[in-house]
Amino acid sequence: MTGNRRAALTAIVSNREIVPGTFLMAFEEPRLAAEVRPGQFLMLSIPAAHDPLLPRPFAVFNREGPRVEILYRRVGKGTGRLAGLKRGDSLRALGPLGNGFPLPAPSVASLVLAGGVGIASVHLLLLHLLKHQSVPTTLLYGARSHQEIIPLESLEAQGLRIHIATEDGLRGVKGTVAALLSTTPALWEDGAAASTEAFVCGPMAMLRAVVARLNRPGIRTHVSLESRMACGYGVCQGCAMPFKDKENPERVRYRKVCTDGPVFTADEIPWGKTEAS
Ligand SMILES: Cc1cc2nc3c(=O)[nH]c(=O)nc-3n(C[C@H](O)[C@H](O)[C@H](O)COP(=O)(O)OP(=O)(O)OC[C@H]3O[C@@H](n4cnc5c(N)ncnc54)[C@H](O)[C@@H]3O)c2cc1C
Ligand code: FES
């Protein structure tokens, strides 16, 4: 299912730096809050701003009543401009867009893996799983430094099992999420049902490493991909990436991350042929 192309003009309710370089922005948009599903995204732009001209894609981190929250990392011009917005400033939000994560049956064990700001794309999914699953959900969450870890105490209070890896080693296990996964498989095999659904979002190098370790019987892995997007709804072709051709898996076929994804099963992706980002 693809997303909704309606745009809304809204006003910022809050926009603050919650850990160094990462911001949590809230605005009220009842339709978006009601319609968005875990893993879908919005194209955000600042009305009357011409530099950058193009909107930028962001996952919906959370929704509460009419409120929508976006968690974003300041990496360039667009996110720099977003970071400068204050309460009351205008924002244009187009969406919800994309397919979102497939939601597992309540009895299926779920393993969620997030690297860096990839936590933004899986947070709404985690809230859904905590509410609906009859078996525990586990999150493996990694960041470069302990300072970049987003506080998730409210999810922990709802029963989420959280395991953390940081490359500086000052919080959790020293290393990456992939290392966490391979050194401590019992973390997530413990209590798992016959089949496990894994949901992953993070930088391409992390996706590649994690997917290789999850490639075993009984685990179905869903990956949320990032690509440069200009429109977000299938028109510009800017987000196209190579995927395995269903008829001939040895060949690749370009598909649009915005409308065919951003969530794909790991076996649709030709890992050797996908550019690192
Ligand atoms: C579906 C989707 C959901 C996303 N959700 C979030 C989110 O919830 N929070 C968040 O912080 N970011 C998210 N992103 C990434 C975000 O869109 C980019 O960081 C943003 O567009 C950068 O804009 P900029 O103008 O600040 O950076 P630019 O000046 O355009 O680029 C700065 C640097 O970031 C890299 N970059 C920019 N966009 C991307 C991209 N899409 N993929 C990989 N590298 C990129 C560039 O190569 C460059 O090195 C998402 C991307 C997609 C496709
Ligand atoms: S972003 Fe324009 S086609 Fe996907």
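Reader: Okay, how many strands form the open sheet, and in what order?
Author: This is a predicted model, and in it seven strands make up the open sheet, running β4-β3-β7-β1-β2-β6-β5 with antiparallel pairing.

Reader: Which strands stand at the edges?
Author: Those are β4 (56–59) and β5 (62–64). Each has a single partner strand, so one side of each has no neighbour in the sheet.

Reader: And how many degrees are neighbouring strands turned against each other?
Author: On average 35 degrees, direction ignored.

Reader: Can we zoom in on β1 and β2? How many bridges do they pair over?
Author: Six bridges, in the antiparallel sense, between β1 (residues 7–19) and β2 (residues 22–28).

Reader: New topic: ligand 1. Which residues come nearest?
Author: Of the 24 residues around ligand 1, the nearest are Y72, G76, G78, T79 and A120. β4, β6 (67–73), α2 (77–83) and α3 (119–132) each provide at least two residues of that shell.

Reader: How does the shell divide into nonpolar, polar and charged?
Author: There are 12 nonpolar residues, seven polar and five charged around ligand 1.

Reader: Where does ligand 1 lie relative to the domains?
Author: Between domain 1 (7–97) and domain 2 (109–226 + 262–273), because both give residues to its shell.

Reader: Last one, the largest nonpolar core: which residues touch the most other members?
Author: Among its 65 residues, those are L42, V60, V112, L113, V177 and V210. Helix α3 contributes the most to this core, with seven residues. Domain 1 and domain 2 each supply at least three residues to this core.

Methods:
Residues numbered from 1 in each chain as written. Chains lettered and ligands numbered in written order. Predicted model: local features only at pLDDT ≥ 70, side-chain atom pairs only at ≥ 80, totals over all residues. Pairing = 2+ DSSP bridges. Helix = DSSP H or I, 4+ residues; strand = E, 2+ residues; numbered from the N terminus. Axes fitted to C-alpha atoms, helices over the stretch in contact; angles between N-to-C directions. Near = placed C-beta within 6 Å. Nonpolar A, V, L, I, M, F, W, Y, C, P; charged D, E, K, R; others polar. Domains from an automatic or database assignment. Core = buried A, V, L, I, M, F, W, Y, C linked by C-beta atoms within 7 Å. Buried ≥ 20, exposed ≤ 12 C-beta atoms within 10 Å, placed from the backbone.
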